[in-house]
Amino acid sequence: MSANDFNTPITPELVKEHGLNEEEYKLVLEIMGREPNINELGIFSVMWSEHCSYKSSKKWLKTLPTKADWVIQGPGENAGVIDIGDGQAAVFKMESHNHPSFIEPYQGAATGVGGIMRDVFTMGARPVANLNALRFGEPDHPKTRHLLSGVVEGIGGYGNCMGVPTIGGETNFHASYNGNILVNAMTVGLADADNIFYSAAAGIGNPVVYVGSKTGRDGIHGATMASAEFDDDSDEKRPTVQVGDPFTEKLLLEACLELMATDMIVAIQDMGAAGLTSSSFEMASKGGVGVELWLDKVPMREEGMTPYELMLSESQERMLMVLKPGCEDAAKAIFDKWELDFAVIGILTDTKRMVLKWHGEVAGDLPIDPLAEASPEYDRPWEPTPKQDRIDPASISGKVSHIDALKTLIASPDLASRRWIWEQYDHLVMGNTIVRPGGDAGVVRVSGTNKGIAATTDCTPRYVMADPVEGGKQAVAEAYRNLVATGAKPLAITDNMNFGNPERPRIMGQFVGACQGIAEACIALDFPVVSGNVSLYNETNGVGIMPTPAIGGVGVISDLGHHATIGIKRDDSALIMIGAATGELGQSLYLKTIEGREEGAPPPVDLNAEKRAGMLVRELIELGLVRTCHDIADGGLLVAVAEMCLAGNIGADLHLPESGSEVAWLFGEDQGRYVIATRDPDKVLNAAGSANVAAVIIGQAGSDAVTIDGGAKVSLAELRDLNEGWMPSYMAEAVQ
Amino acid sequence: MKSAVILFPGINRENDAIAALEQATGTKPTVVWHGETELPKTDIIMVPGGFSYGDYLRCGAMAAKSPIMRAVAERAKAGVTILGVCNGFQILTEAGLLPGALMRNASLKFICKNTHLKIENTNTRFTNQYKTGEVVDYPVAHHDGNFFADSETLDRLEGEGRVVLRYCDANGAVDPATNLNGSQRNIAGIINEAGNVLGMMPHPENAIDPLHGGTDGRNLFKSLVEAAS
């Protein structure tokens, strides 16, 4: 017993330590009708943390389009669900684990991966692909190597052990992430469309069951930590980072899927951020029921744990379920087989209250709806980001030759090969990986069929920083393009909104602008948001990150016999650029890396042109006319062509246009474009003509070099060394 | 042709193994849970890859003590064909069915990539469909594939033709540059004295479909069928 738990006096300091401001505490008193005890205060604290309540972001998240004919479940559940035909559904979500990964990179990243997989298999889906979106500080910041190395090892350590292939992702370096790295993990799962599991509790008197790992003292107040800015003492928060056990999660996955094949579960929810508190309140609130929890029955890792600790622990690999009455023994037998804890820890009631019992004594008694639903919602003041001018190509010094610029870019931290990272991830387990990391999107086969699921993560933070609306659009458009480039029909996205402190109007303006851009793109491209996550307060000592709304896109390839990859396959192919070149150098990597200028308006996104080009390219791939396709993104056309050459080990000769800025044509990051290789250029050009899409032959595959207009060139061998060399040699320096 | 796949908690490449065996034998293998004490009648037993018991203690150490392993050892003695891949190889060495040990990769990192392998001995139940010296291409995906044995054991393995696969380059050159995980003498796979148990780190089961990017692994499974029929 821990009587002191119940009687700790609630002082203003204690309230402040729990992250509640005066206004919020007033609301607590109003809802309770009395002073809360310490257990209750802890519960309010985590439930109303930014991380769990979305209090700053809710107003704007509601504006995102979430519907399409194929959407089975939009935002609000553990993950989004879309129909992929043939009675099957894809279940997916992306989630951040930024704050813990900065403090303890291995465990922070590992438990991020563990958490997102749990979100997906909670819904009855077997995870079939993992992806991630990572942002680190500048390469020469003293912490970057350590963080990169720990995060990659943590992601691999967890995902590899789970036996889920990590098939894609993206990694950026920028000084704005020096004090706040971003670790966003995404999982895609597959389920039968008629066997999806939800979290709404139902059935008064039904047993509330706890399964998985025992509860320990790890991660207490993790959700509150993730809702505050960092300062110099943040390293001291290490004990609030949870420790992952992928082996237990693998057992939990198999046990849950085995139980889900029966008819015993009413509702299920994983215990993620804010652990037992958040899972029990969400299940009860969604189902409109009450819960009585017997906290002394919770399986505990150590002795002397208190109700407060049990409610707030973020121990990993745990699930909360409501079972049909009388199923307890049969369900327990499954968890016994997998050697996992199984405990009935409560019962559903009709009181609409959460009553916490501790050895028969009431340790807390709270109304559910006011806490779960009436959490604060702020309309924070915001100001738009001032627009920047378009970069005039005439302002480019042009001191560097095109080939030298290519060589510099392809070896730069922004564009260098990420092989060092993804070779540490098992990207082949399950035997269904069709397109491996390093291309535009990863593709896994739907087991036992000829269908594929394509998935990608995308965001260009420097565009969002310069123009949140265009940048938000661009992130969605690039995800769309990366899926199309494999031959997939883009279906839906998950968004992971990483921003600084929303209490600063400029930052809030970035959030509002990004939401607006994302919404516009989703509508135009018929590409709705089905799940997401918000991570705010990514600031250290008042310095915020670049706004980073990472987009995870999912699409379907109906026949894997017709899909595309980026490597050039034959040296008798013509290279065709699909989409119009307008020469946008603002915020381009050329401008940053070669000219040392991080400025200008980012490339605008013409969503109608984007859609026309996307539909054309997908049709060309589906018809079997195109097997080689790459989108033009960071670095522009020449970099895209060089990447296609390296991937296929076949060179290319590019023909410069007769007029206009060569730099803008070769290195502009104009949106809505692809390069394809084909042996039938006339057919492709005709198809483009009738689809009203710009298309032009830009060169010819062949030889073992990247050549410009038959003159200046660089061999593939040299280019490969430059592209592949940077990251291994950078990371090798960490040893010294 | 009957085959069985042993399933330990934490194994995760069982479906890859099942697909490869089914493709080669025409029948779905029986999956046997580690807690069983008896095996069905079977011509081939495969111990697949993964992280049995989370690789805690030592890779394969706990699985080697599972109840089913006694039955597997008996079948090994009786001459049944047994294939251990990746974690399966680690389990077979821990169970004493194969010599040596698999240590942490020299790079101390997990490695997932395709690698070239030289088929050193085609006169086995596992490799009879390959040509001697043939260079094949399978993926690896492991953290602890660094094969170690004392030099006496290594000499014996070499002398008896029990080194079946070695890491090499596309032209078959076996040298330190092509040794991706630090294994003694570039060893990727070995057989036991009787020739009926093969342990290997690479994954032939992930190279059986043109969509995998290659089908070099098929002949390994075909060899099993050929040898058993």
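Two strands are taken to pair if DSSP finds at least two bridges between them, and helices (H or I, at least four residues) and strands (E, at least two) are DSSP runs numbered from the N terminus. The model shown in these views is predicted, so that local features need pLDDT of at least 70 and side-chain atom pairs count only at pLDDT 80 or more, whereas totals for chains, interfaces and linings use all residues. Residues are numbered from 1 along each chain as its sequence is written, while chains are lettered from A and ligands numbered from 1 in the order in which they are written.

**View 1. An open sheet of 6 strands in chain A, with mixed pairing.** The strands follow the order β1-β2-β3-β6-β4-β5 (chain A), and the edges are formed by β1 (71-73) and β5 (166-173) of chain A, each of which pairs on one side only. On average, neighbouring strands are turned by 20 degrees against each other, direction ignored (axes are lines fitted to C-alpha atoms, for helices over the stretch in contact, and angles run from 0 to 180 degrees between N-to-C directions). Strand β4 (residues 126-136) of chain A runs parallel to β5(A) and is joined to β5(A) by 7 bridges; within this pair, A:Asn130 has A:Thr166 of β5(A) as its bridge partner. Helix α9 (residues 144-162) of chain A packs on the sheet, where it touches β4, β5 and β6 of chain A, and its direction makes about 175 degrees with that of β4(A) (two residues are in contact if their C-beta atoms, placed from the backbone, lie within 7 Å). Helix α8 (residues 105-121) of chain A lies across β3 (88-96), β4 and β6 (182-192) of chain A, and runs at about 25 degrees to β6(A).

**View 2. The packing of α8(A) with helix α11 (residues 246-260) of chain A.** Two packed helices are described by the angle between their axes and the distance between the axes. Here the axes come within 11 Å and cross at roughly 5 degrees, which makes α8(A) roughly parallel to α11(A) (a term for angles under 35 degrees). From α8(A), the contact is made by A:Gly114, A:Met117, A:Arg118 and A:Phe121, and from α11(A) by A:Pro246, A:Glu249, A:Leu253, A:Cys256 and A:Leu257. These residues divide into 6 nonpolar, 1 polar and 2 charged, where Ala, Val, Leu, Ile, Met, Phe, Trp, Tyr, Cys and Pro count as nonpolar, Asp, Glu, Lys and Arg as charged, and the others, Gly among them, as polar.

**View 3. A second open sheet of 6 strands in chain A, again with mixed pairing.** The order of the strands is β14-β15-β16-β21-β17-β18 (chain A). Because β14 (433-435) and β18 (529-535) of chain A stand at the edges with a single partner strand each, one side of each is left without a neighbour in the sheet. Strand β17 (residues 489-498) of chain A and strand β21 (residues 548-557) of chain A run antiparallel and are joined by 9 bridges, with A:Ile551 in β21(A) as the bridge partner of A:Asp495. Helix α19 (residues 468-484) of chain A packs on this sheet, touching β16 (452-458), β17 and β21 of chain A, and its direction makes about 25 degrees with that of β21(A).

**View 4. Strand β10 (residues 187-191) of chain B and its partner strands.** In β10(B), 5 of the 5 residues are buried, so the strand is largely enclosed by the rest of the structure (a residue is buried if 20 or more other C-beta atoms lie within 10 Å of its own, with C-beta atoms placed from the backbone). Strand β9 (residues 163-168) of chain B pairs with β10(B) in the antiparallel sense over 3 bridges, and B:Leu165 stands opposite B:Gly189. The pairing of β10(B) with strand β11 (residues 197-200) of chain B is likewise antiparallel, over 3 bridges, and places B:Ile191 opposite B:Leu198. The hairpin of β10(B) and β11(B) has 5 residues between the strands, and in this hairpin B:Gly195 takes a positive phi near 85 degrees.

**View 5. The buried helix α3 (residues 87-94) of chain B.** In α3(B), 8 of the 8 residues are buried, so the helix is largely enclosed by the rest of the structure. Its buried residues, including B:Phe89, B:Ile91 and B:Leu92, pack against β3 (44-47), β4 (81-85), β5 (101-103) and β11 of chain B. The helix α3(B) is followed by B:Gly96, whose phi is positive, near 80 degrees.

Terms used: Parallel < 35°, antiparallel > 145°, perpendicular 65-115°, else oblique. Buried ≥ 20, exposed ≤ 12 C-beta atoms within 10 Å, placed from the backbone.
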